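The following paragraphs lead the reader through a structure, one region at a time. Please keep the sequence and the model in view while reading.

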Amino acid sequence: MTTFHEKDVGVLISEEAVQARVKELGAEITRDYQGKELTLICVLKGSAFFAIDLARAIDLPLTLEFLGVSSYHGGTESTGEVRITTDVSKPMAGKHLLIIEDIIDTGLTMSFLLENLRARHPASVKICSLLEKPARAKTKVNIDYKGFVIEDKFVVGYGLDYGEKYRNLPFIGIWKHV
Ligand code: 5GP
Ligand code: MG
Ligand code: MG
């Protein structure tokens, strides 16, 4: 039996490895936020799968918010021109925010998000990213909770898309055609 993705996508990080790392991150976050009111900010659409699994791995009474962003891409690269397409549903003042991202590539999207959320006077803001691609960083972003560091390859799966497809693969895959 072949599956729909096989000629286009190869496995980089298996489903088992992803799930094991999500559980570790969840345990770490659980320890760090004891006694605090935690708000997870799921950045749509890429971090949706990760954020939902992570939320279930955190043993705290947390709040889940969704924030939609679109970044303008000049060619294949993000330019840092980011727009909020769907905002969170509540004021963020006084909350302990944890921004959940799929991948930090140039870092420009996260820099925008940090600045935007800090302006709302939360109690704290931290970053959790499933993946980091340090080779392409254009601005320094300190990632508080990091799943995996990867090489400069285009990846899909577990929320990450190519032309809006492949988000539903349960593993992190490498796109074979670039
Ligand atoms: P940044 O602003 O850090 O350059 O871009 C972050 C966004 O670019 C991510 O949230 C993601 O949507 C997209 N991106 C960056 N690298 C990859 C990749 O390897 N695969 C996919 N599917 N999206 C990526
Ligand atoms: Mg993203
Ligand atoms: Mg995308």
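This is a predicted model: local features need pLDDT of at least 70, side-chain atom pairs count only at pLDDT 80 or more; totals for chains, interfaces and linings use all residues.

Lys45 is located in the loop that joins β2 to α2; helices (H or I, at least four residues) and strands (E, at least two) are DSSP runs, numbered from the N terminus. The peptide bond that leads from Leu44 to Lys45 is cis, and its omega is near -5°. In general, most peptide bonds are trans, and most residues other than glycine have a negative phi.

Residues are numbered from 1 along each chain as its sequence is written, chains are lettered from A and ligands numbered from 1 in the order in which they are written, and side-chain values use heavy atoms, with hydrogens and water left out.

Helix α1 (residues 15-32) packs against helix α2 (residues 48-57) at an angle of about 55°, and their axes are 8 Å apart. Axes here are lines fitted to C-alpha atoms, for helices over the stretch in contact, and angles run from 0 to 180 degrees between N-to-C directions. The two helices, α1 and α2, are therefore oblique to each other; angles under 35 degrees count as roughly parallel, over 145 as roughly antiparallel, 65 to 115 as roughly perpendicular and the rest as oblique.

Which residues of α1 and α2 meet? From α1 come Gln19, Val22, Lys23, Leu25, Gly26, Ala27, Ile29 and Thr30, and from α2 come Phe50, Asp53, Leu54 and Ala57. The residues of this contact comprise seven nonpolar, three polar and two charged. In this division Ala, Val, Leu, Ile, Met, Phe, Trp, Tyr, Cys and Pro count as nonpolar, Asp, Glu, Lys and Arg as charged, and the others, Gly among them, as polar.

In α2, the buried residues are Phe50, Ala51, Asp53, Leu54 and Ala55, where buried means under 20% relative accessible area, exposed over 50%, and partly exposed in between (1.4 Å probe, protein chains only). The cover over these buried residues of α2 includes α1, β2 (38-44), β5 (96-104) and β6 (124-132). Glu28, found in helix α1, counts as partly exposed because its relative accessibility is 27%.

Tyr158 has a phi near 50°, a positive value in a residue other than glycine, and it counts as buried because its relative accessibility is 3%. Tyr166 also lies in the loop between β8 and β9. Its phi is near 75°, again positive in a residue other than glycine, and at 10% relative accessibility Tyr166 counts as buried.

Finally, Ser71 belongs to strand β3 (residues 63-74) and, at 24% relative accessibility, counts as partly exposed. Leaving aside neighbours within four places in sequence, Ser71 is in contact (heavy atoms within 4.5 Å) with Glu81, Val82 and Thr109.
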